[in-house]
Amino acid sequence: QAPFLFPCTYREFFFFFFFLLQQCGVLLSVFIYLFIHFIPIHADWVATLWRDTFEELLNDDNELDYGDQWTLNFNYSQTAAVTKEERKRGWKVYSHCAYATFQCGSCSKNWSSARVVVLFRYRLRGERGTVIMRPFGQACRRCQDNEFYLPGFAEKEVKHALLRLFSKVRKNCYNDEDDHDDNGSSTCSTKKYTKPHEASLCQACIMGICCQDED
Ligand SMILES: [Zn+2]
Ligand SMILES: [Zn+2]
């Protein structure tokens, strides 16, 4: 019986082996590149995401199925205060606490926060429902320049916030007690680790309307 013959010299074998290893390295680099570039960070404020999700929940999921026309608008300076006059005209507020990501405009640093306030002012008048939203910003820990950047939200967070809002609307504008409104608080949908909340860097804290501590 013929002895086992190696199909190539050891030299060729090692050359081939290292060639394969190198190819794996290239493949790995490609994966790392794709990972970095295509894992969404959502650090930018995108008003259209809110408006599109709002429309989608109303038109496709019939979240407010009472025959009225609801619209979402933005006001970047409104506060949580409702005057007597406004209350008479039907305005109500709902302050939601969400998870979002920020990006500093001067040093490009990214950070996430589970205490990002989104303030909604809403009312139903005749057959027209209006929601006015304001996202609250945070300042960069590194730059400390009192510049507040607007939060970027993942679609899941947007949906969660709007569903909570709609349940408030059903309750306060249509007297429809919600069965799935089990917890009255606006707790964050996701428990993620973020650095301790710094009041001096949070626009909502400065205005005294930040989310309550959960414990
Ligand atoms: Zn910065
Ligand atoms: Zn705060």
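Q: Which residues does Gln-103 touch, not counting residues up to four places away in sequence?
A: Gln-103 touches Ala-43, Asp-44, Ser-108, Asn-110 and Tyr-149, with neighbours up to four places away left out. Touching here is contact: two C-beta atoms, placed from the backbone, lie within 7 Å. The model is predicted, so local features need pLDDT of at least 70, side-chain atom pairs count only at pLDDT 80 or more, and totals for chains, interfaces and linings use all residues. Residues are numbered from 1 along each chain as its sequence is written, and chains are lettered from A and ligands numbered from 1 in the order in which they are written.

Q: Why is Gln-103 called partly exposed?
A: Gln-103 has 19 other C-beta atoms within 10 Å, so Gln-103 is partly exposed. Buried takes 20 or more such atoms within 10 Å, exposed 12 or fewer, and partly exposed lies in between. Gln-103 is found in strand 2. Strands (E, at least two residues) and helices (H or I, at least four) are DSSP runs, numbered from the N terminus.

Q: How far apart are Gln-103 and Trp-45 in sequence and in space?
A: Gln-103 and Trp-45 are 58 residues apart in sequence and 9.7 Å apart in space, C-alpha to C-alpha.

Q: Why are helix 2 and helix 4 called oblique?
A: Helix 2 and helix 4 pack at an angle of about 55°, with axes 10 Å apart. Axes are lines fitted to C-alpha atoms, for helices over the stretch in contact, and angles run from 0 to 180 degrees between N-to-C directions. Under 35 degrees is roughly parallel, over 145 roughly antiparallel, 65 to 115 roughly perpendicular, and the rest oblique. Helix 2 and helix 4 are therefore oblique to each other.

Q: Which residues of helix 2 and helix 4 meet?
A: Leu-49, Trp-50, Thr-53, Phe-54 and Leu-57 of helix 2 meet Glu-155, Val-158, Lys-159, Leu-162 and Phe-166 of helix 4.

Q: What makes a nonpolar core, and how many residues has the largest?
A: A nonpolar core is a set of buried Ala, Val, Leu, Ile, Met, Phe, Trp, Tyr and Cys residues joined through C-beta atoms within 7 Å. The largest has 33 residues, and Val-118 is among those with the most contacts inside it. Strand 3 gives the largest share of this core, seven residues.

Q: What does Val-118 touch, not counting residues up to four places away in sequence?
A: Val-118 touches His-96, Ala-98, Met-133, Pro-135 and Ala-161, on that count.
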